[in-house]
Amino acid sequence: MAGYLVSDNRKVTTHRFMEMKQKGEKISMLTSYDYTMAGLVDKAGIDVILVGDSASNVMAGNATTLPMTVDHMIYHARSVVRAVSRALVVCDMPFGSYQVNAAEGVANAIRIMKESGCDALKMEGGEEILDTVKRILDAGIPVMGHLGLTPQSINKFGTYAVRAKEQAEAEKLMHDAELLDRAGCFGITLEKVPAQLAAEVTKAVKCPTIGIGAGGGTDGQVLVVADMLGMTQGFSPRFLRRYADLNTVITDAVGHYVADVKSGDFPNEAESY
């Protein structure tokens, strides 16, 4: 059944997000960065829209997410919020906006919430940023954690390979997840970790887990919208399922438009005033 035929059209809140895990209902999540795409994604019945710092790659053509600023994220999140009526809108806190100290992290979190109108924020890291997470939560701002492959730390890792395959790192990931859960995070994204570990984390924490390259044992899934729609090329990780080939559709449409303009076929008499 098409997503836009969902019977429950109530606004998805962090409370409903938690309820979905308790009821065993899988959670659907996609990224969006602009008004037009967000409106389509929301209309189709998505539960959560992530305004990801992956906009750095998808929208700006950067190699990493690091160049994104607070101003950039506010711009994208504000555009998305204007289009959305049902989905929970979560905005990434960009690299450098919360790593310096807790006070700066809280100030940036408050600014993003006030100026974008989003519903919650997402932060990468575990015990290292726990104090800042707690301070932001104390300010009344919902926080989603992000563990496993954390793209903001790509220069530290040096690779986008699967994380936590070794026992020590797996134990740290579990520890970090439990810390974030106890602190009050309403959800945790698990990126590119072994499926068994992701399932174990999901059972160990009260809050929902959202996987990307983490198997089917998480409470929900997230993909980058441009990837799952087939707009991007040359990126084919194992976890990516393409639901359309918009790269071909858009390229063909533009090509036909160019041909019609060049030939004088567009505009015709019916398309003129």
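This is a predicted model: local features need pLDDT of at least 70, side-chain atom pairs count only at pLDDT 80 or more; totals for chains, interfaces and linings use all residues.
Let's start with the aromatics. The structure holds 2 aromatic pairs, and one of them brings together Phe 17 and Phe 186. A pair of aromatic rings is described by the distance of the centres and the angle of the planes. Here the ring centres sit 5.2 Å apart with the planes at 75°, so this pair is edge-to-face, planes over 60 degrees apart being counted that way. Now look at where the two rings come from. Phe 17 belongs to helix 1 (residues 14-23), while Phe 186 is in the loop between helix 8 (167-183) and strand 6 (187-191), so the pair ties together parts that are 169 residues apart in sequence. Are these two residues buried or exposed? Phe 17 has 0% relative accessibility and counts as buried, and Phe 186, at 5%, counts as buried too.

Next, the helices. Two packed helices are described by the angle between their axes and the distance between the axes. For helix 4 (residues 70-83) and helix 5 (residues 102-116), the axes come within 8 Å and cross at roughly 35°. The crossing of helix 4 past helix 5 is right-handed. On the helix 4 side, the contact is made by Val 70, Asp 71, Ile 74, Ala 77, Arg 78 and Val 81; helix 5 answers with Asn 108, Arg 111, Ile 112, Glu 115 and Ser 116. Sort that contact by class and you get 5 nonpolar, 2 polar and 4 charged residues.

Stay with helix 4 for a moment. Its 14 residues reach 20 Å from the first C-alpha to the last, close to the 20 Å expected at 1.5 Å a residue. Which of its residues are buried? They are Val 70, Met 73, Ile 74, His 76, Ala 77, Ser 79, Val 80 and Ala 83. The cover over these buried residues includes helix 5, along with helix 2 (35-43), strand 2 (48-51), helix 3 (55-58) and strand 3 (88-92).

In the loop between helix 3 and helix 4 you'll find Thr 65. With a relative accessible area of 5%, Thr 65 is buried. Leaving aside residues up to four places away in sequence, Thr 65 touches Asp 53, Ser 54, Ser 56, Asn 57, Pro 151 and Gln 152.

Further along, Arg 163 lies in the loop between helix 7 (154-157) and helix 8. Arg 163 is buried as well, at a relative accessible area of 14%. Its C-alpha is 14 Å from that of Pro 237, which is 74 residues away along the chain.

The phi of Lys 192 is near 50°, a positive value in a residue other than glycine. Lys 192 is buried because its relative accessible area, 19%, is under 20%. Inside helix 9 itself sits Val 201, which counts as buried at 0% relative accessibility. Apart from residues up to four places away in sequence, Val 201 touches Leu 173, Met 174, Ala 177, Leu 190 and Thr 209.

Finally, the segment after helix 11 (246-263) holds Pro 267. A cis peptide bond joins Phe 266 to Pro 267, with omega about -5°.

Notes: Residues are numbered from 1 along each chain as its sequence is written. Side-chain values use heavy atoms; hydrogens and water are left out. Rings of Phe, Tyr and Trp (its six-membered ring) pair if their centres lie within 6.5 Å; planes under 30 degrees apart count as stacked, over 60 as edge-to-face and the rest as tilted. Helices (H or I, at least four residues) and strands (E, at least two) are DSSP runs, numbered from the N terminus. Buried means under 20% relative accessible area, exposed over 50%, partly exposed in between (1.4 Å probe, protein chains only). Axes are lines fitted to C-alpha atoms, for helices over the stretch in contact, and angles run from 0 to 180 degrees between N-to-C directions. A crossing is left-handed if the near helix is turned anticlockwise from the far one by less than a right angle, and right-handed if clockwise. Contact means heavy atoms within 4.5 Å. Ala, Val, Leu, Ile, Met, Phe, Trp, Tyr, Cys and Pro count as nonpolar, Asp, Glu, Lys and Arg as charged, and the others, Gly among them, as polar. The expected span of a helix is 1.5 Å times one less than its number of residues.
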